[in-house]
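Please walk me through this structure, one part at a time.

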Amino acid sequence: MTLPDAGTGRRGDRRPPVFLARRSYRRRRMMDACRMLPILGAALWMIPILWHPADTAADDTAPGIVYLFAVWIVLVALAAALSRGLTRALEDGEDEGG
Amino acid sequence: MVPFDLLVAGCIAYVILLFAVAFVAERRARSGRGGWLRSPWVYTLSLSVYCTAWTFYGAVGFAARSGLEFATIYMGPTLIMVGWWWILRKLVRIGRTQRVTSIADLISSRYGKSNLLGVIVTLLAVVGTAPYIALQLQSVTLSFGVFAAASPQGWALPDQGVTAIWVAAGLALFTILFGTRNLDANERHHGVVIAIALEAVVKLVALFGVGAFVVWGVAGGVGDVLAKIEASPIADWPLQPGRWIGLTFLSAAALLTLPRMFQVLVVENADERHLATAGWAFPLYLLAMSLFVVPIAVVGLERMPAGSNPDLFVLTLPLSEGNGGLAILAFLGGFSSATSMVIVAAIALATMVSNHIVTPLWLSLRAGGARAAGDVRGLVLTARRLSIGVVLALGYGYYSLSGGSEALAAIGLIAFVGLAQILPAMLGGIFWRGATRVGAGAGLVTGFALWLYTLFLPSFGSSGLISAEVLVEGPFGWGWLRPQALFGIEGIDPLMHAMIWSLALNTAAFLIGSLLSFPEPLERMQGAAFVHVFDQSRGTRGWSRGGAEPEGLLVMAQGILGGEEAQRFFQAAAVEQGKAGFLPDTTPDFIDRLERRLAGAVGSATAHAMIAQFAEGAAVSVQDLMAVASEAQQIKEYSAQLEAKSEELARTARQLREVNDKLTDLSVQKDAFLSQISHELRTPMTSIRAFSEILMEPDLPEPMRAKYAEIIHEEAIRLTRLLDDLLDLSVLENRKAQLTVQVANLHDLIERAITSASSTRPDRDFTFHRDLPTEHMAVYTDTDRLVQVFINLVSNARKYCDADHPELTIRVRRAGARVEVDFVDNGSGIPKKSQSIIFEKFSRLTDTSRAGGAGLGLAICREIMANLGGTIEYLPGQGGAAFRVSLPVRRGLTRAA
Amino acid sequence: MGKRVLLIEDEPNIIEAIGFILARDGWQVASHSEGTAAIEAIRREAPDVVILDVMLPGRSGFDILNEMRADTGLAHLPVLMLTAKGQVKEREAAERAGADRFMTKPFSNAEMLASVRELGGVA
């Protein structure tokens, strides 16, 4: 049995609770994801404290820069991916318990 | 080489552009065509005030000295922004529901609207920001200096101090012009925001331009740059884990607590949804701003002569490579960074100073307090303008005192640490209901004091406010109190030392103070309102009982919001309650809303104190709090629904009652009307009949005959006029009046009315106050009818104004597609109980003056205005009898059919 | 000396008319044109007949009449009430208040004169 489309399903009378619960569930997890992003970012960005660029002879500064910016781009991309869903959540007022 | 005068010309042209852009944006926003001004992109770009000249120029220097450490300054804000759902969304929501005007207001409002906390935060902000403004002035003068020195014509810069003065004065002018247009902090400063967004673009383009030039123009592409990095001294940068973590944390805190960031993030936020965009777009902006920092530093170190200042590589590198145009662009980028920071910081600080220091001081010094406050609006605006001047003067003073020393360059991070002291009180306030005012105060004072002692004062060097002796041996020789090695713990980086001690003890004082103290009811309520900002279906109230006198509140609100705005607010509230006119019932709900409205203008503490003067004894008590304090969510929601329902029922009941009253009144009125008509007709008839019988007698002397004939004639005319009025009224009431719509100048109509009305009590010497320029306005309506209304109002004033020196003020205002004409005299006005009946037929309030016909004048006026598609209303709280005539500028022709 | 009549009425033209009619018949006519100080005026003038309008500025004629009837000195002073409203309930109210005669405006001069004469005990 497949779920009917949001607006058209004739059997929608029965199914919507499941559908809505699922959508709202997704949104709640997106909110969680958004809250976790800073933690992820902080963890990745704190890794350099294990480096010792001044004490090693290896060429490690240029890769270090690349690493920093790569983390940065990942964070931006993830935030951008979440932003649309969270905007809808804001519009629907599903923001209880912030 | 760039001729120096070309640079100055470019700079001036750029400034003119900024003024023009701000001006146009204000104009468009005012005329309601500024939808794009509220786009999330403008919001995102406005956040770029985070990137000041210190980051624009200084990041390269930072990188040249400490390698990748510069990136921490951008990493902290990035982490806060991508997690916007957590803190920022809550701050923005609180800012909107509580109408927060500044970060000082946020703290003050959260902790029971305590103005003392507002003052502490304001002082902290001023002390922390003034040097920061000095740093911006320094960067502009330094960059000017670079061009002057490189100029072949030997353009000697007259004096760096003079440049700084010009820059400071120009910024003050811009800020005053566009930053104090409206009093309400929740109305956006569109002009400022759009100018800053433009500057944000210029900054980015400039840095990108220089970066691209360096990577592909000077060096040989990306690979070459990476190789150069490994070969440069930067490759061996010392990574200090403590500073790495500490600076990231510090910059994250700064995004939340810097007054200018709070201003753009929270106060200027037009829509919560913008955060969703800014949450990724602003980190992207920061990424872009830092992308070319290391390449520029590396290439600069390689190409520039040894000993040249790496802080200015962004400028000197293109200049020495002969690319003058790019150098000018870089200069404008730096100029943009400096000016946008100063403008927003000045607005934020001026709001704090005027709302938390000047206005409360002024109100407490005045006899009568808020009740006799008068024109608070003018006061606050003036205070704000002066504060902007003072803030910039402080910045300039600091600049000239420090003489462009190195101490200034370090001030950026020092200011971050200072303002981060607000963080515990702020985060504690929005996430922990147990945070109290005592705790917040203790934390702030502890943090502030430690910051001053361990970081700010030592930053002036050993010749400054703290002597070398104290630095080395501690005060009074107590080694454990050495400013940079508290409790004998040595060897930490001074910045980290100060940050850890001040924030740790700040937080400890905050927690202990909160745990040990007991909050007042208002504090607990505000705490609940802040922490549970997202589940307030019913909202919390600061006022448990109503009953304040509405007219007094209106007078006070007019003093703060301005007459028009306050009247609109009161009228809307009255309509919502199902009442007509300008005076709603002062329910707790209404008082609460009014307080928030005022808080948007003068801050929560002042607004609360002013309202308290009127609603004495109505402030929330412990018992009232019980309902709020109940944490059982379900009960809360259920009772919220019930309350909403019962409120709706009460409103319906009130409306029904009013309709019923009206119907009863109508029937009584009908009887009274007939009886009145009978009276008004019979009275002249009596004289006519009596004298005509007398005239019928044969032996009457001739002079008497003539006199009595004259009386009969007069009374017949009176009768005719009454009948005319009655017929007129009946036609108007049935909306069947023939209107002759034509165009006319409102000024001429008022002039005509005043001339015609001068025959009423011509013995009275009447003074008119008018603002002639505003009166010149074309109206398209039945001019004769409108003049009839004006004549009525003016002659009523002539008749009934009981002042010794009667005066009548006529004000004309355009409100959208309508025009409002106010007639205000200086008499004792109309008592409140009579205000609702003056427009009824035969409602003469006094019987003393018989000159005025039968008391149909205002009733006819009301009907005329209804026919013209307008209204006439009594305007309470104006210090005399006041009427507002409101009509469409263009009367539609529909009624003619 | 003719008898005295006090006319309490606020319309100057009506005062003029009634004054003319009564003066010609030999009455001494005084007038008072508002309600609040009417009782004092009656005490001062000590008239033989009072003509009292119902609609007066400050105080209604009924109130004045009520106070007169409650006052031993004025209780028996003949009062002719005038009203321009001309409704039945006005007449009833006037009788209840103790008016000796009630006339509706406009009135005939002859009738007015006859009423005053009768109230003043002039044949």
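Strand 1 (residues 4–8) and strand 3 (residues 49–53) of chain C run parallel and are joined by four bridges. Helices (H or I, at least four residues) and strands (E, at least two) are DSSP runs, numbered from the N terminus. Two strands count as paired if DSSP finds at least two bridges between them. One bridge in this pair links C:Leu7 to C:Ile51 of strand 3 of chain C.

This is a predicted model, in which local features need pLDDT of at least 70, side-chain atom pairs count only at pLDDT 80 or more, and totals for chains, interfaces and linings use all residues. Residues are numbered from 1 along each chain as its sequence is written, while chains are lettered from A and ligands numbered from 1 in the order in which they are written.

Now the whole sheet. In chain C, five strands form an open sheet in the order 2-1-3-4-5, with parallel pairing. Strand 2 (28–32) and strand 5 (101–104) of chain C are at the edges; each has a single partner strand, so one side of each is left without a neighbour in the sheet. From one strand to the next, the twist averages 20°. Strands of a sheet pair through backbone hydrogen bonds, either parallel or antiparallel.

Helices pack on this sheet. Helix 2 (residues 38–45) of chain C touches strand 1, strand 2 and strand 3 of chain C, and its direction makes about 170° with that of strand 1 of chain C. Axes are lines fitted to C-alpha atoms, for helices over the stretch in contact, and angles run from 0 to 180 degrees between N-to-C directions. Helix 5 (residues 109–120) of chain C touches strand 1, strand 3, strand 4 (79–83) and strand 5 of chain C. The direction of helix 5 of chain C makes about 165° with that of strand 5 of chain C.

How does chain C meet chain B? Here 17 residues of chain B are in contact with 15 residues of chain C (contact: C-beta atoms, placed from the backbone, lie within 7 Å). On the chain B side, helix 31 (633–696) and helix 32 (702–733) of chain B each give two or more residues. Helix 31 of chain B has the largest share, 13 residues. By class, this side of chain B has five nonpolar, seven polar and five charged residues. Ala, Val, Leu, Ile, Met, Phe, Trp, Tyr, Cys and Pro count as nonpolar, Asp, Glu, Lys and Arg as charged, and the others, Gly among them, as polar.

Chain B also touches chain A. There, 38 residues of chain B are in contact with 35 residues of chain A. Helix 14 of chain B gives the most to the chain B side, with seven residues. That side divides into 25 nonpolar, six polar and seven charged residues.

Next, a helix pair within chain B. The axes of helix 33 (residues 746–757) and helix 35 (residues 783–800) of chain B come within 8 Å and cross at roughly 45°. The two helices of chain B are therefore oblique to each other (under 35 degrees counts as roughly parallel, over 145 as roughly antiparallel, 65 to 115 as roughly perpendicular and the rest as oblique).

Last, confidence. Chain B averages a pLDDT of 82, and 86% of the residues score at least 70 (pLDDT is the predictor's confidence in each residue, from 0 to 100). Over residues 621–634 of chain B, pLDDT stays under 50.

How values were computed:
Two residues are in contact if their C-beta atoms, placed from the backbone, lie within 7 Å.
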